[in-house]
Amino acid sequence: MQELHIYIDDSGVFHKNNKYFVYAGYVFLSASEKEVAKRKYKKLVTQIKKAENIEGELKGCNLPRKHKRALFNVFKEYESFFVVVTNEDVRESIMEVPKSRHRFKDYVLKRIIKEKVKYFIRNNKIDPYKPLRINMCVDQQLTASDGYYDLKSSIIEELVTGVSNFNYQMTFNPILFGGLEINLTFCDSSSNYLIQASDIFANRVHASLVLNKPDLRRKKNNTNLYLP
């Protein structure tokens, strides 16, 4: 069966008092590719911790620039994605209601996943007429536990069934026709190197927006999306 292994983290706050909210992550087309990437990243993390005498997880928000750049470069050849939400452009009716904010964040996630799957189809890395399994690892702080079931079903609807968008003004056709299985997992970033790598990437994208330095978010094999 065709497989995708997806790791996702965020940066910024989805709130009207903050300008940008970002999801970013990495995608691997096989378990073996994923394991190779993880070993490379873990090796560098160990070296940085030893050099800087750091205990615990390396976070993008408090690492020196040279280390963040080195960690980012480990993954420069791997498939990736990011999605940017400009908070001030999101409707007040969404921002004011917690459940609506949650639904919108799910919408943002499924949109970027769909864009990445479409990219793989265009580049003949996925056959849309054969079964696909998506193994998603999402940082456990990104949503409430009951929200995972909503996210899983909404991704299936988006990719397999075809649904209206969040404003209910357009209909998107399905892009997968051979069946879709989604395994969605809560991940503790302190013990998951690929979520940590996604944190570094999300932090870099967010910084590039705040500092108005678009070169920081340019990357090979990347799919990006700007919403709403």
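1. First, a word on naming: helices here are DSSP runs of H or I with at least four residues, numbered from the N terminus. With that in hand, look just past helix 4, where Asn124 has a positive phi of about 60°. Keep in mind that this is a predicted model.

2. How far can you trust it? Mean pLDDT for the chain comes to 89, with 91% of residues at 70 or more.

3. Helix 4 itself covers residues 98-122, which makes 25 residues. From first C-alpha to last, helix 4 reaches 36 Å, close to the 36 Å expected at 1.5 Å a residue.

4. Now for the packing. Two packed helices are described by the angle between their axes and the distance between the axes. For helix 1 and helix 2 those values are about 165° and 9 Å. That angle is over 145 degrees, so the pair counts as roughly antiparallel. Helix 1 passes helix 2 in a right-handed crossing.

5. Which residues of helix 1 and helix 2 meet? On the helix 1 side they are Lys40, Tyr41, Leu44, Val45, Ile48 and Glu52, and on the helix 2 side Lys66, His67, Ala70, Leu71 and Val74. By class, this contact has seven nonpolar residues, three charged and one polar.

6. Helix 1 (residues 31-52) also packs on helix 6, at an angle of about 70° and with the axes 9 Å apart. These two helices are therefore roughly perpendicular to each other. Helix 1 brings Lys34, Lys38, Tyr41, Lys42 and Val45 to the contact, and helix 6 brings Tyr193, Leu194, Gln196, Ala197 and Ile200.

7. Lys68, Arg69, Leu71 and Phe72 of helix 2 make the contact with Ile200, Phe201, Asn203 and Arg204 of helix 6. Four of these residues are nonpolar, three are charged and one is polar.

8. A last thing to look for on screen: two residues that turn up in more than one contact.

Key:
Residues numbered from 1 in each chain as written. Predicted model: local features only at pLDDT ≥ 70, side-chain atom pairs only at ≥ 80, totals over all residues. Heavy atoms only, no water. Contact = heavy atoms within 4.5 Å. Nonpolar A, V, L, I, M, F, W, Y, C, P; charged D, E, K, R; others polar. Expected span 1.5 Å × (residues − 1). Axes fitted to C-alpha atoms, helices over the stretch in contact; angles between N-to-C directions. Parallel < 35°, antiparallel > 145°, perpendicular 65-115°, else oblique. pLDDT = per-residue confidence, 0-100. Left-handed = near helix turned anticlockwise from the far one by under 90°.
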